[in-house]
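Let's take a walk through this fold together.

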Amino acid sequence: MKTLVVVNPMSAHGRTGREWSALAPRYERALGGDVTCHLTTAPGQAPHIVRKALAAGTERVVSIGGDGTNHEVVNGFFDPATRTAIREDAIFAFTAMGTGGDLARTFVAASELDAQLARIDQSPAERIDLIGCAYDSLDGGDWEISVNIASIGQGGDVCARVDDSPAKALGGSTPFLLASLESLVATRPWRVRL
């Protein structure tokens with residue numbers, strides 16, 4: 001199977017990037033066949049990499065990172081202009097290498113990497129529901145796919161605060177707790193039409 005592995009080297013506070021040279025052979029062995037690995041260098045890059053690979057015949061895309069990486073990779077399966085899948089038969093898979101892990105908690109995911117890789121290689125593909133979101137925002141309009149959760153209002157504000165905060169380096173739930181407290185104090189009600 002022709003597989004693209006999209007790696008966010010900044011996930012898990014840079015641990016993924018630091019350990020990638022030791023991890024890469026494990027992925028290549030476990031996934032077998034034609035495996036190409038691509039390390040992202042900037043936020044927002046993964047969808048473009050995935051779209052190009054799927055158009056060139058890639059059959060499976062494995063996301064390595066956290067929820068943000070999974071979000072970007074899943075969005076790469078779709079053409080935003082037509083809002084349709086690039087390849088109906090393409091397979092999305094992931095290994096949990098981030099700090100939050102909401103998507104991993106959605107599934108009964110093994111915590112050991114070798115067990116996760118075995119699941120990807122040996123388990124049959126299953127269909128999952130996705131959330132398609134068209135929206136207008138202060139930055140303009142857009143369309144994207146959410147794989148397991150979409151946040152608006154205070155949930156979205158908390159995520160934005162975490163992304164912009166130096167506390168993000170603390171990892172785990174601490175940055176989210178701090179951003180939640182900050183958002184509770186600083187946020188004033190705003191109108192949202194859903």
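**A guided walk through the model**

Start at R83, which lies in the loop between β4 (78–79) and β5 (84–85). Helices (H or I, at least four residues) and strands (E, at least two) are DSSP runs, numbered from the N terminus. R83 has a positive phi of about 60° although it is not a glycine. With a relative accessible area of 46%, R83 is partly exposed; buried means under 20% relative accessible area, exposed over 50%, and partly exposed in between (1.4 Å probe, protein chains only).

A word on the model itself. It is predicted, so local features need pLDDT of at least 70 and side-chain atom pairs count only at pLDDT 80 or more, while totals for chains, interfaces and linings use all residues. Residues are numbered from 1 along each chain as its sequence is written, and side-chain values use heavy atoms, with hydrogens and water left out.

Now turn to the sheet. Four strands make up an open sheet, in the order β2-β1-β3-β6, with parallel pairing; two strands pair if DSSP finds at least two bridges between them. β2 (34–39) and β6 (91–96) are at the edges with a single partner strand each, so one side of each has no neighbour in the sheet. From one strand to the next, the twist averages 20°. Strand β3 (residues 60–65) runs parallel to β6 and is joined to it by six bridges. Within β6, A93 is the residue that stands opposite V62. Helix α2 (residues 46–55) packs on the sheet, where it touches β1 (2–7), β2 and β3, and its direction makes about 175° with that of β1. Contact here means heavy atoms within 4.5 Å, and such angles run from 0 to 180 degrees between N-to-C directions, with axes fitted to C-alpha atoms, for helices over the stretch in contact.

A nonpolar core is a set of buried Ala, Val, Leu, Ile, Met, Phe, Trp, Tyr and Cys residues joined through side-chain atoms within 4.5 Å. The largest one has 19 residues, of which L4, V6, V50, L54, V61, V73 and F77 touch the most other members. Its largest share, five residues, is supplied by α2. Leaving aside neighbours within four places in sequence, L4 has contacts that include T36, H38, I49 and V50. A second, separate core of 15 residues includes L23, A24, M97 and L117.

The loop between α2 and β3 holds T58. At 5% relative accessibility, T58 counts as buried, and it touches K2, T3, L4, A53 and R87, not counting residues up to four places away in sequence.

Next, find helix α1 (residues 15–31). Its buried residues are T16, W20, L23, A24, Y27 and L31, and they pack against β1, β2, β3, β6 and α5 (113–122). Just after α1, G32 takes a positive phi of about 60°.

Finish at helix α6 (residues 154–164), where D157, V158 and V162 are buried. Seen down the helix axis, these buried residues fall within an arc of 135°, so they line one face of α6; the arc is that of the directions from the helix axis to the C-beta atoms. D163 and D164 are exposed on the other side of α6. The cover over the buried residues of α6 includes α7 (174–186).
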